[in-house]
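The exercises below ask you to read a structure residue by residue, each with a worked solution. Please keep the sequence and the model open while you go through the steps.

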Amino acid sequence: MVNITKDTEKEELIAQFWPQISRAAAGYENRPALSDELAQEMALSVWRSLEGFNDQCSLSTYIYRVIHNTAIDHIRRHSKISEDELDEAMLCESPTPEKNTLQAQRQKQLIVAVNQLPLSLRQVMLLKLEDLNNIEMSEVLGISEANVGVRLHRAKEQLSKLLAGMN
Amino acid sequence: MDNNEFEQLSSLWQSTDEKPMPQMDKVLKRHNRQGAILRINLCIEMLALIAVSYLLITSALNGLEFIKLTWISFVTAWAVIIFILASRSRLDSLKQLKSQEISTSIEIHKKLIKNEIYRWNLNIKATWTFVLIFMVFNIIIIYQNGFELNNLLIEAVLMSGLLISIFFFVIKNKKAKETLHTLEQ
């Protein structure tokens with residue numbers, strides 16, 4: 001059984017998963033200040049939960065579960081208002097020189113589109129974008145593989161429509 | 001969307017800029033500070049409760065006018081009941097928040113939001129009860145002692161404050177219900 005109790009080990013793990021944490025925060029919250037706060041909350045939750053890890057699943061599955069449940073907690077505490085206005089503002093944001101590329105614009109569109117998906121579809125989409133397979137997603141979300149498949153199919157359809165509508 | 005298109009989308013997603021990583025010691029300190037603020041709030045509420053109870057006892061001992069004593073008794077009983085009911089719900093929420101499962105179970109989040117809805121409903125009902133009894137009390141006072149403009153102004157301000165509070169509670173309750181609906185999707 002792996003026991004992660006040392007602060008240095010926890011810090012290393014958080015650094016290792018920070019890119020995923022950062023992207024998940026952007027996928028659940030598109031208000032910049034709140035997105036940064038959510039990323040910090042996710043890191044804190046991972047830190048506090050590591051001692052409770054007892055090999056019931058893989059460490060990465062466990063960490064993804066913590067990250068996504070922290071997002072649910074965030075949604076519980078900060079109900080989203082005027083999302084459409086914020087999405088518009090985000091897309092119209094004047095690009096900085098280093099971001100003035102087609103790729104940066106497409107990334108922004110993708111983040112906005114993911115944020116517009118209903119929660120149940122957004123969860124599977126965010127995990128799929130991180131290259132998790134259906135079994136891993138079912139373990140993270142606590143739903144059946146079949147359910148993951150159905151949600152993923154719907155999520156892809158909706159995401160395509162949303163992205164097409166932005167072009 | 002075929003697999004190839006999705007892989008491109010996945011690469012695009014994974015190449016987005018990272019946020020700067022937080023310093024964990026600062027994040028942990030902030031978390032501990034928030035816990036301390038919660039405990040301080042609880043202490044302030046308990047002190048207010050003790051102050052109201054003390055006022056009731058001294059008023060009873062000093063033989064205050066019956067109607068005023070009734071009013072203070074009502075305020076004390078009202079405060080005690082609300083404090084007990086709200087504290088029970090808060091303690092349950094704190095227990096859930098301390099649970100290891102908070103990070104891994106969505107059911108706990110549903111329970112927390114249900115507790116929050118219960119507390120907003122409690123606040124709405126309690127404030128309406130307070131407003132109604134306050135009005136009855138003032139009608140009796142005006143009937144007994146006559147009309148005083150100064151008192152009426154103070155009471156109008158107080159009443160406006162209470163009505164604004166109810167409006168705030170209703171909005172928060174509505175938002176909490178919307179969040180619960182989202183979680184239950």
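## Exercise 1: the make-up of chain B

Chain B has 5 helices and 0 strands, where helices (H or I, at least four residues) and strands (E, at least two) are DSSP runs numbered from the N terminus. This is a predicted model, in which local features need pLDDT of at least 70 and side-chain atom pairs count only at pLDDT 80 or more, while totals for chains, interfaces and linings use all residues. Residues are numbered from 1 along each chain as its sequence is written, chains are lettered from A and ligands numbered from 1 in the order in which they are written, and side-chain values use heavy atoms, with hydrogens and water left out.

Task: describe the order of elements, the burial and the contacts of chain B.

Solution. Step one is the order of elements, which reads α-α-α-α-α from the N terminus on. Step two is burial: 32% of the 185 residues of chain B count as buried, a term that means under 20% relative accessible area, with exposed being over 50% and partly exposed in between (1.4 Å probe, protein chains only). Step three concerns contacts (heavy atoms within 4.5 Å): of those in chain B with a separation of 6 or more, 72% are between residues 24 or more positions apart.

## Exercise 2: a nonpolar patch

Task: find which residues form the nonpolar patch on the surface of chain B, and state which helix gives the most to the patch.

Solution. The members are B:Ile142, B:Phe147, B:Leu149, B:Leu152 and B:Leu153, with about 490 Å² of accessible area together, as given by the Shrake-Rupley method with a 1.4 Å probe, where for residues only the protein chains shown count as cover. Patches are made of residues with over 30% relative accessible area and no salt bridge, like charges being joined within 9 Å and nonpolar side chains (Val, Leu, Ile, Met, Phe, Trp, Tyr) within 5 Å. Helix α5 (residues 149-183) gives the most, with 3 residues, whereas B:Ile142 is found in helix α4 (residues 106-145) and is partly exposed, at a relative accessible area of 35%.

## Exercise 3: charged side chains

Task: work out how many salt bridges are found over all chains, and describe the pair of A:Lys10 and A:Glu51 and that of B:Glu178 and B:Lys174.

Solution. The search of the whole structure finds 5 salt bridges, each being a side-chain nitrogen of Lys or Arg within 4 Å of a carboxyl oxygen of Asp or Glu. In one of them, the closest N and O atoms of A:Lys10 and A:Glu51 are 2.8 Å apart. This pair links distant parts of the chain, 41 residues apart, with A:Lys10 in helix α1 (residues 7-28) and A:Glu51 in the loop between α2 (32-49) and α3. A:Lys10 is buried, with a relative accessible area of 4%, but A:Glu51 is partly exposed, with 43%.

In chain B, the side chains of B:Glu178 and B:Lys174 meet at 3.6 Å, N to O. These two residues lie 4 residues apart in helix α5, so they are separated by about one helical turn. B:Glu178 counts as partly exposed at 42% relative accessibility, and B:Lys174 is exposed at 53%.

## Exercise 4: a buried arginine

Task: what does the side chain of A:Arg65 have a polar atom close to, at 3.0 Å?

Solution. A:Arg65 is found in helix α3 (residues 59-77) of chain A. A:Arg65 is buried yet has no salt bridge, and the nearest side chain of opposite charge, A:Glu139, is 5.6 Å away; here Lys and Arg count as positive and Asp and Glu as negative, while His and the chain ends are not counted. The backbone oxygen of A:Glu139, however, lies 3.0 Å from a polar atom of the A:Arg65 side chain.

Note on methods
Polar contact = N/O pair within 3.5 Å; in protein donor to acceptor, adjacent residues only side chain to side chain.
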